[in-house]
Each structure stands twice: as C-alpha cells, then as structure tokens.
Amino acid sequence: MKNLDETIIEIKGLHKKFGELHVLKGINLNIKKGEVLVIIGPSGSGKSTLLRCINMMDKPSSGKIKFKNILVNDDSLRKKSLEKHLNNIRSQIGMVFQHFNLFPHMSTLENVIEAPVHVLKVPKKDATNNAIDLLKKVGLENKTNVFPESLSGGQKQRVAIARALAMKPQVMLFDEVTSALDPELVGEVLRVMKELAYEGMTMIVVTHEMGFAKEAGTRLIFMDDGKIIEEGAPIKIITAPVEERTQRFLREVL
C-alpha cells in the first residue's frame with residue numbers, strides 16, 4: 001500500500017477567469033506524494049484549466065498553488081526570476097496533452113532528449129542512454145529513429161509520455177491523453193500509465209476511462225461548473241455516487 005502522508009501539491013482558493021468567463025471557482029485541493037488523483041467531469045467543467053494552472057501554463061486569477069511548499073504562482077518575482085522559477089517548477093511537473101505536441105522534424109529519440117539536453121543541460125550521451133531506456137519502458141525501443149508522421153496515435157502518445165519522463169519529474173499531469181485515440185490504441189497508453197502508477201509516480205489524470213480510475217486511481221474527484229462536486233475512493237464514487245449531479249454524469253458515460 002502506498003504511503004500517502006506527504007503533501008506535494010497544495011491548492012487554496014484557486015480561481016481562474018478568462019475575461020468574463022469564470023472557469024475555476026475556489027478550488028481547494030491537496031495532492032499527496034504517490035497519489036493517483038483522477039479527475040472526471042463534463043466538458044467545460046474546468047478540469048484541463050486546473051491542470052494548466054498547476055504548472056502555470058494558465059496563470060491563476062487568484063488563490064495559491066504550492067509545490068513542495070514553494071509558491072508556484074509567486075507574483076512578487078520579477079520577470080527574469082519568475083522565468084527561472086517557472087522553468088524549475090515545470091521541470092519537476094511533467095505534462096502530457098491530448099494532442100501529443102511532438103516536434104515533427106525530430107525523430108522519436110530526438111524528441112525525448114531535447115528538453116534534458118537544452119533545459120537541464122544533461123550531456124547528450126547520458127540523455128540518449130536514458131531516452132533509450134524510457135522508449136523501452138513504453139514499448140517503443142524499435143522506433144528510436146522514426147519520425148512522428150510514421151507513428152500511430154498511440155505510439156505518439158507513448159513518445160510524449162517518455163519525453164515528459166525524461167525530465168525526471170516528481171509529478172505527472174495527464175490531460176485526456178486517450179480521448180483523441182482510436183479505441184484499439186487506448187489500451188497501450190493506459191498500460192504505460194498504470195505501470196507508472198504502480199511504481200509510485202504522483203499523477204493527476206483528467207480522463208473518461210473509468211476502468212483506469214478504478215484500477216489505478218487512489219482518489220477521484222468529480223468537477224462541474226468550475227467546482228469540485230464530489231470526491232472519494234474511485235470505486236465508491238463510480239458505483240455509488242452521492243451527489244445527484246455526479247449520478248447524472250455517470251449515467252451518461254458508463
């Protein structure tokens with residue numbers, strides 16, 4: 001059983017507005033080290049925005065996000081210091097997106113070593129050896145010199161996971177990473193994610209894959225209209241949700 005005592009991410013009173021659109025409405029959430037937090041909810045409920053605020057791809061309108069007790073959205077920092085601060089945070093919080101975002105002009109191997117070499121200043125030989133190990137981990141050791149256009153969607157997504165892992169992050173954010181895939185390719189990506197979960201990686205996963213939630217999740221939250229409506233053990237919420245809004249949503253997706 002995982003020891004989930006140490007808080008790694010702390011979110012207090014988080015609001016996010018895009019102009020008049022109020023997307024996140026006072027989110028309070030603590031994530032423990034080693035936890036696999038699964039977030040479900042209808043489209044437009046604020047799930048992806050929450051992930052993007054955690055690594056500051058979207059700047060919160062108000063509230064606080066702390067990573068290992070360090071304030072992520074620190075408005076007191078000047079531009080140069082802020083850039084360095086955010087690079088440090090982002091190197092420790094990996095993110096995998098719905099649409100892969102691989103560099104099309106780079107091979108699989110080059111995609112994976114790019115950030116460690118240029119951001120972390122890892123020697124190219126060391127980064128290459130680590131990348132080969134990671135591509136083996138995601139089942140793509142025979143695709144090192146292949147370019148993204150020759151890969152299936154599931155293979156591209158596994159390269160994207162290897163690329164995020166190459167930075168040796170302490171937390172991984174997954175934003176609906178299987179929703180753009182053909183159904184038969186979903187399993188190969190979920191297998192890699194389950195393996196990471198069992199190895200103890202702290203993960204925050206926005207998904208509609210309820211099987212993954214039940215099998216690998218340690219906690220599940222249901223979001224709607226920018227708020228957390230219900231949270232608890234995945235099996236409990238999926239099989240016996242308390243809130244009427246959660247019940248309605250699950251009736252639609254299950």
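Is Asn 55 buried or exposed? I opened the predicted model with that question. Asn 55 is buried, because its relative accessible area is 5% and the cut-off for buried is under 20%.

**Entry 1: around Asn 55**

I placed the residue next. Asn 55 sits in the loop that joins helix 1 (47–54) to strand 4 (62–67). I then listed its contacts, setting aside neighbours within four places in sequence. Arg 90, Ile 93, Met 95 and Leu 173 are in contact with Asn 55. I also checked the backbone just after helix 1. Met 56 has a positive phi there, about 65°.

**Entry 2: helix 1**

How many residues of helix 1 are buried? I found 6 of its 8, so I noted the helix as mostly covered. The buried ones are Lys 47, Thr 49, Leu 50, Leu 51, Cys 53 and Ile 54.

An open sheet is formed by 4 strands, in the order 2-1-4-5, with antiparallel pairing. Strand 2 (21–32) and strand 5 (70–71) stand at the edges. Each has a single partner strand, so one side of each lacks a neighbour in the sheet. Strand 5 pairs with strand 4 in the antiparallel sense, over 2 bridges. Across this pairing, Phe 67 stands opposite Ile 70 in strand 5.

What does helix 1 touch in the sheet? I noted strand 1 (7–18), strand 2 and strand 4. Helix 1 packs on the sheet, and its direction makes about 120° with that of strand 1.

**Entry 3: helix 5 and helix 6**

Last, I looked up a helix pair. Two packed helices are described by the angle and the distance between their axes. Helix 5 (residues 153–165) packs with helix 6 (residues 183–198) at an angle of about 20°. Their axes are 8 Å apart. The two helices are therefore roughly parallel to each other, as angles under 35 degrees count that way. The crossing of helix 5 past helix 6 is right-handed.

Which residues make the contact? On helix 5 I listed Gly 153, Gly 154, Gln 155, Gln 157, Arg 158, Ile 161 and Leu 165. On helix 6 I listed Leu 185, Glu 188, Val 189, Arg 191, Val 192, Met 193 and Leu 196. I sorted the contact of helix 5 with helix 6 by class: 7 nonpolar, 4 polar and 3 charged residues.

Conventions:
Residues numbered from 1 in each chain as written. Predicted model: local features only at pLDDT ≥ 70, side-chain atom pairs only at ≥ 80, totals over all residues. Heavy atoms only, no water. Buried < 20%, exposed > 50% of the residue type's maximum accessible area, 1.4 Å probe, protein only. Contact = heavy atoms within 4.5 Å. Pairing = 2+ DSSP bridges. Axes fitted to C-alpha atoms, helices over the stretch in contact; angles between N-to-C directions. Parallel < 35°, antiparallel > 145°, perpendicular 65-115°, else oblique. Left-handed = near helix turned anticlockwise from the far one by under 90°. Nonpolar A, V, L, I, M, F, W, Y, C, P; charged D, E, K, R; others polar.
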